[in-house]
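Student: I would like to go through this structure with you. Can we settle the terms as we go?

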Amino acid sequence: MATGLSAIFLHNRPALMRFLRARGAGDESEDLLQDMWMKLEEKDLGPIADPLPYLYRMANNLMLDRYRSAIRRERREQDWAEGAGGVMADPSEDIAIDERLILSERLEEARAALRSLGPRVELVFRRFRIEGVGQRLIAEELGVSLTTVEKDLQKAYRAMIALKQKMDTE
Amino acid sequence: MNGAGAMMNEEALGWVIRTRDPEFADWEAFTAWLEADPARAPVYDALMAADAELAEIVPAEPVTIATPANDAGSRGWRPARWLAGGAVAAALVGAVSVGLLNRPDIYTVTTRPGETRSIALDDGTHVELNGGTTMRFDRHDARFAALDSGEAAFTVRHDAANPFRVTVGDAMLEDAGTVFNIVHTGGATRIGVSEGKVIYNPKAEAIPLPAGRGLSDDESGLRVMDIATDAVASWREGRLTYANAPVTQISADIARSLGVRLSATPGASAMRFTGTIRLDRDTVRFFGQAAPLMGLSAVRQGDGWLLKEGDGPPR
């Protein structure tokens, strides 16, 4: 029985299909929509404030999951090809000391990088990325314009992603 | 990377930020951007994956927005500046951040060493933070506070039906109409009560601490002692008062109160001191007076100071 979210899903099916194709799902778009439909039907989600953005976000998350598992598979195969895949590490095992040292060095480096961008940029980035607060609210809290918050976030993101990429190639 | 690639990366990053916003709604515009070039979706995916990994290197922690601290000039001690209005004002002015991811009502207030700050909670309770202190409060519960590290003095408006509670490490304090001070550094906690009464760990040891009593909890265990009530939270008046206190503790208090880096030689660390030290933001003048008082001498070391045994009158 199509009620609420399901009804909105059916009504917007073509738009969601278009989105999934644009997102690169190709021939799998139909299947992904079917997955979404099943999920909506089996879960009683109750009333949702903005149903259409919710559905888009759900579709976007499906694509992100797909990308992530593809990357993981790629890395596993690569490890296997390099002969490192013989023994699976116990995930519950404590991180080795030197790894922990590297991790704490990286945390320190990231903290310094973020700090060097200035206190407002740092605060905006943490509020947004770590605490999940929206840009409009952050702008209100700080008494600055939305554009300022957007620019701060771009700046912080550029720096932090560049730092992460540099760390990964080390 | 070539110019067009960099441009796309920049645009893709813009979409990463936009779609990550909990209020984002313009998915049609995002669809249109993706459709314009099939190469855009993979770039967006890669940046979203990079974004997901940022959590590994940027853990949640409080952020300080600089507010002008008391000048480290030559004019001696100035009391804490009072910030009115409680939670909202603190969120706008101060060093505030949400401490727990799933509790947007919990916020953190942090002072840098040498900086003091006062928080007025909605119930009429005042909390004064000494330097180098991190505390958490609850926007929706003015009867809650947590001292994560540092030192704070509490002037609590008593309400027997709804007692004020402070979490300190693993311990909890419950007020019974009170002015009290807590220091929490490393694993050690020191509590002094100058008015009324607090209960230490009401659900476990339930130790009552009336005015004039203090408690310390460190690696040597839990101890209760008599203290002078005017020595409690005397840092607010620019004084530090001690009875047979170890120099290690005193130097930590000085460092926190004045915002100086301070270390002590092993010989100096082993000493104890009884008396009152006047705080002074002119560090040269301060150490010139305070060190001899403790039977020590102070020398500049790098960007900080070193306390060592020596030159002063022995005591």
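Tutor: Start with contact: two residues are in contact if their C-beta atoms, placed from the backbone, lie within 7 Å. Axes are lines fitted to C-alpha atoms, for helices over the stretch in contact, and angles run from 0 to 180 degrees between N-to-C directions. Helices (H or I, at least four residues) and strands (E, at least two) are DSSP runs, numbered from the N terminus. With these terms, helix α7 (residues 283-293) of chain B lies across β19 and β20 of chain B, at about 155° to β19(B).

Student: What numbering and what kind of model is this?

Tutor: Residues count from 1 along each chain as its sequence is written, while chains are lettered from A and ligands numbered from 1 in the order written. The model is predicted: local features need pLDDT of at least 70, side-chain atom pairs count only at pLDDT 80 or more, and totals for chains, interfaces and linings use all residues.

Student: What makes β17 and β19 of chain B edge strands?

Tutor: Strands pair if DSSP finds at least two bridges between them. β17 (262-264) and β19 (296-301) of chain B each pair on one side only. The open sheet runs β17-β20-β19 in chain B, with mixed pairing. Its neighbouring strands are turned by 25° on average, direction ignored.

Student: How do you know that β19(B) and β20(B) pair?

Tutor: They share six bridges, in the antiparallel sense, and the definition asks for at least two.

Student: Which helix touches β17 and β20 of chain B?

Tutor: Helix α5 (residues 247-258) of chain B packs on the sheet there, its direction making about 170° with that of β17(B).

Student: How many residues make the contact between the chains?

Tutor: Chain B gives 35 and chain A gives 36. On the chain B side, α3(B) gives the most, with ten residues. By class, that side has 25 nonpolar, five polar and five charged residues. Nonpolar means Ala, Val, Leu, Ile, Met, Phe, Trp, Tyr, Cys and Pro; charged means Asp, Glu, Lys and Arg; the others, Gly among them, are polar.

Student: Which element of chain B has the lowest mean pLDDT?

Tutor: pLDDT is the predictor's confidence in each residue, from 0 to 100. The lowest mean belongs to α4(B), at 33, and the highest to α2(B), at 96. Chain B averages 76, and 81% of its residues reach 70 or more. Over residues 62-103 of chain B the pLDDT is below 50.
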